[in-house]
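Could you walk me through this structure in the viewer, stop by stop? Please tell me what to select next and what is there.

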Amino acid sequence: KEILHAAGSWMVRQRETLAEAIGGGEPRFLSLWDRLADLAYEDQDGAETESGFDGDLINEALNRPGGDLASALLDALAATKPADNSGLGDVLGPRFLRLVEASNRAGLLGRVYIVRELAYLDAIDPDWTGEHLVPRLDWAHEEALPLWQAYAHGRIGHARLFNALKPAMLQAFERRSLSARALEGVFVKLFSVAAW
């Protein structure tokens, strides 16, 4: 656990090499990801599990194991060059689900990281994102604030994603809980669609 972040960062940098190396019938990347996920997502002690949404969670996600694991998964998905609506697949899909369902701080940081790429994930697997990520952006969900902070500057995505999120986007202005920078990102999304 003491070297978890260093190991996760190394895994992100070496993902391609690890994906090519086979051990035990599967790429070493997958077995290493699983091992690190065991440590990160089941850890219920220490700073990784501190509750609260204070601070810059996007920056924290870039510098913690939860974000490292999310980054590595997104890179692995991108390397497969998936077509629109092709799905996350039987290999990466369960790992994305594990990240989304992790109940500790590492899981939250992983979700903050991948919600930045929500439009990309939605293009590949709209059913999965509609079931597992979009509901977390509803203001009734406890994670809505940090996830909106992350999504505010992401791409708009497909019309179905925009329409699913539009009510919450409009509520963001009434709630006034997002930072000024995040509100600007939400406004740019709405304005861009109106201009188009």
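Start by selecting helix 6, residues 89-101, in this predicted model. Now show the side chains: Leu92, Gly93, Arg95, Phe96, Leu99 and Val100 are buried. An α-helix has 3.6 residues a turn, so residues three or four places apart point the same way.

Keep helix 7 (residues 105-115) on screen and bring in helix 10 (residues 144-151). The two pack at an angle of about 35 degrees, with 8 Å between their axes, and the crossing is right-handed. Which residues make the contact? On helix 7, pick Leu108, Arg111, Val112 and Val115; on helix 10, pick Pro146, Leu147, Ala150 and Tyr151. Colour them by class and you will find seven nonpolar residues, one charged and no polar ones.

Stay with helix 10 for a moment. Is it largely enclosed or open? Six of its eight residues are buried, so helix 10 is largely enclosed by the rest of the structure. Select Ala144, Pro146, Leu147, Trp148, Ala150 and Tyr151 to see the buried ones. Their cover includes helix 4 (57-62), helix 7, helix 8, helix 11 and helix 12.

Next, turn to the loops and check the backbone. Most residues other than glycine have a negative phi. Go to Asn85, in the loop between helix 5 and helix 6: its phi is positive, near 60 degrees. Asn85 counts as exposed because its relative accessibility is 53%, and the cut-off for that class is over 50%.

Then jump to Arg176, in the loop between helix 11 (159-175) and helix 12 (180-195). Arg176 is not a glycine either, yet its phi is positive at about 55 degrees. With a relative accessible area of 70%, Arg176 is exposed.

For the last stop, colour the chain by pLDDT. The average is 88, and 92% of the residues score at least 70. Where does pLDDT stay under 50? Select residues 45-51: that is such a stretch, and the model gives it 15 contacts beyond four places in sequence.

Note on methods
Residues numbered from 1 in each chain as written. Predicted model: local features only at pLDDT ≥ 70, side-chain atom pairs only at ≥ 80, totals over all residues. Heavy atoms only, no water. pLDDT = per-residue confidence, 0-100. Contact = heavy atoms within 4.5 Å. Axes fitted to C-alpha atoms, helices over the stretch in contact; angles between N-to-C directions. Helix = DSSP H or I, 4+ residues; strand = E, 2+ residues; numbered from the N terminus. Left-handed = near helix turned anticlockwise from the far one by under 90°. Nonpolar A, V, L, I, M, F, W, Y, C, P; charged D, E, K, R; others polar. Expected span 1.5 Å × (residues − 1). Buried < 20%, exposed > 50% of the residue type's maximum accessible area, 1.4 Å probe, protein only.
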